[in-house]
Amino acid sequence: MTDITEYIDQDYAGNGRQSQKLYLAIPAGASAGHPVPVVIYIHGGGWIGGTFAPGSTGLATGRDDTNAFLEAGYAVAVINYRLSTEARWPAQIHDCKAAVRFLRAHAGEYGIDPDRIVAWGASAGAHLAQFLGFTNGDARYDDPASAASGVSSDVNLVIAAFGISDISRWVLPGPRYDEVEDYKTKLLGAGYTQEAAHDASPIDHVHAGMAPMLLAHADDDALVPCDQTHWLEAAIHEVGGGASIETWYPHTGGHGDPRVWRAPEATDRFIDFCDRHLR
């Protein structure tokens with residue numbers, strides 16, 4: 001792997017919580033005079049699982065997954081955010097936006113370009129990445145109590161793999177019905193309303209001025225059906241934003257298959273998308 005400079009446990013919200021810290025890797029040669037684009041990775045786990053901590057499996061996995069971006073000359077941030085077991089929606093998107101603001105505010109210090117920020121997520125992380133891309137400039141989802149509150153939380157590109165785009169229609173038959181309802185209830189609260197589900201759904205925030213997106217989804221995904229991304233693609237076309245998206249629907253081993261987000265077939269596609277928009 002290319003030489004990198006690492007920053008561990010960066011407190012992006014300013015309150016000392018491990019759930020609001022990030023890891024940042026900068027490729028050699030980046031500086032304030034020669035800034036590089038930064039990719040912000042947002043982990044999945046149904047909003048109830050996943051973490052990133054020094055010395056943990058999460059750290060090793062995060063670094064392995066991001067090597068391709070680092071070798072292509074991108075900085076990579078891997079963020080924690082408050083899980084739904086700690087705080088309900090919209091805490092999760094508050095945290096993602098706070099991380100963006102922090103990185104933009106400290107761009108000169110780290111040698112990253114504040115005008116070339118990519119949100120990249122898988123599953124629940126893809127939901128949050130999509131949400132970032134649809135709510136650029138929308139102050140309703142920024143937490144003014146977090147650090148760097150006066151800085152923009154806009155992102156320039158989004159890569160979303162097998163994301164939950166419409167929480168209101170994320171319903172599975174049979175024994176998995178309760179599993180999905182548990183994810184949704186923990187995120188939105190017991191007895192959540194359809195209004196709350198729509199508010200938390202990226203598809204309900206689609207507009208033609210969205211950040212460009214690459215949407216990837218296995219066509220045989222049994223946990224987050226591929227319809228979720230088909231619906232989002234259709235909604236984007238309906239508002240005239242079709243030129244801003246690319247879609248990829250491989251036939252693979254289903255939800256979380258590495259070929260959709262971690263393997264070279266996927267990362268080569270992601271890097272090419274970023275290069276075409278940012279280089």
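## Basis of the description

Residues are numbered from 1 along each chain as its sequence is written, and side-chain values use heavy atoms, with hydrogens and water left out. Because the model is predicted, local features need pLDDT of at least 70 and side-chain atom pairs count only at pLDDT 80 or more, while totals for chains, interfaces and linings use all residues.

Strand β4 covers residues 75-79, where strands (E, at least two residues) and helices (H or I, at least four) are DSSP runs numbered from the N terminus. Of its 5 residues, 5 are buried, a term that stands for under 20% relative accessible area, with exposed meaning over 50% and partly exposed in between (1.4 Å probe, protein chains only).

Two strands pair if DSSP finds at least two bridges between them. Strand β2 (residues 21-27) pairs with β4 in the antiparallel sense over 4 bridges, and A25 stands opposite V76 there. Strand β3 (residues 36-42) pairs with β4 in the parallel sense over 5 bridges, and V76 is the bridge partner of V39.

## Backbone geometry in the loops

Most residues other than glycine have a negative phi, and most peptide bonds are trans. In this model, the peptide bond from W89 to P90 is cis, with omega near 15 degrees, and P90 lies in the loop between β4 and α2 (91-105).

W47, in the loop between β3 and α1 (57-71), has a positive phi near 65 degrees, and at 0% relative accessibility W47 counts as buried. F162, which lies in the loop between β6 (157-161) and α5 (176-188), likewise has a positive phi, of about 45 degrees, although it is not a glycine; at 3% relative accessibility, F162 counts as buried.

## Nonpolar cores

A nonpolar core is a set of buried Ala, Val, Leu, Ile, Met, Phe, Trp, Tyr and Cys residues joined through side-chain atoms within 4.5 Å. The largest such core has 62 residues, and those with the most contacts inside it are I42, W47, L103 and I112. Apart from it lies another core, of 28 residues, among them Y41, L70, Y74 and V260.

Contact means heavy atoms within 4.5 Å. Not counting residues up to four places away in sequence, I112 touches I26, P35, V36, V38, A75, L103 and A107.

## Helix α5

The 13 residues of α5 should span 18 Å at 1.5 Å a residue, and its end C-alpha atoms are 18 Å apart, which agrees; the expected span is 1.5 Å times one less than the number of residues. The buried residues of α5 are V180, E181, Y183, K184, L187 and L188. Seen down the axis of α5, these buried residues fall within an arc of 155 degrees, so they line one face of the helix, the arc being that of the directions from the helix axis to the C-beta atoms.

What covers the buried residues of α5 includes α2 and α6 (194-199). After α5 comes G189, whose phi is positive, near 100 degrees.

## T247 in strand β8

T247 is found in strand β8 (residues 245-248) and, at 29% relative accessibility, counts as partly exposed. Leaving aside neighbours within four places in sequence, T247 is in contact with L214, L215 and E233. The C-alpha atoms of T247 and D142, 105 residues apart along the chain, are separated by 28 Å.
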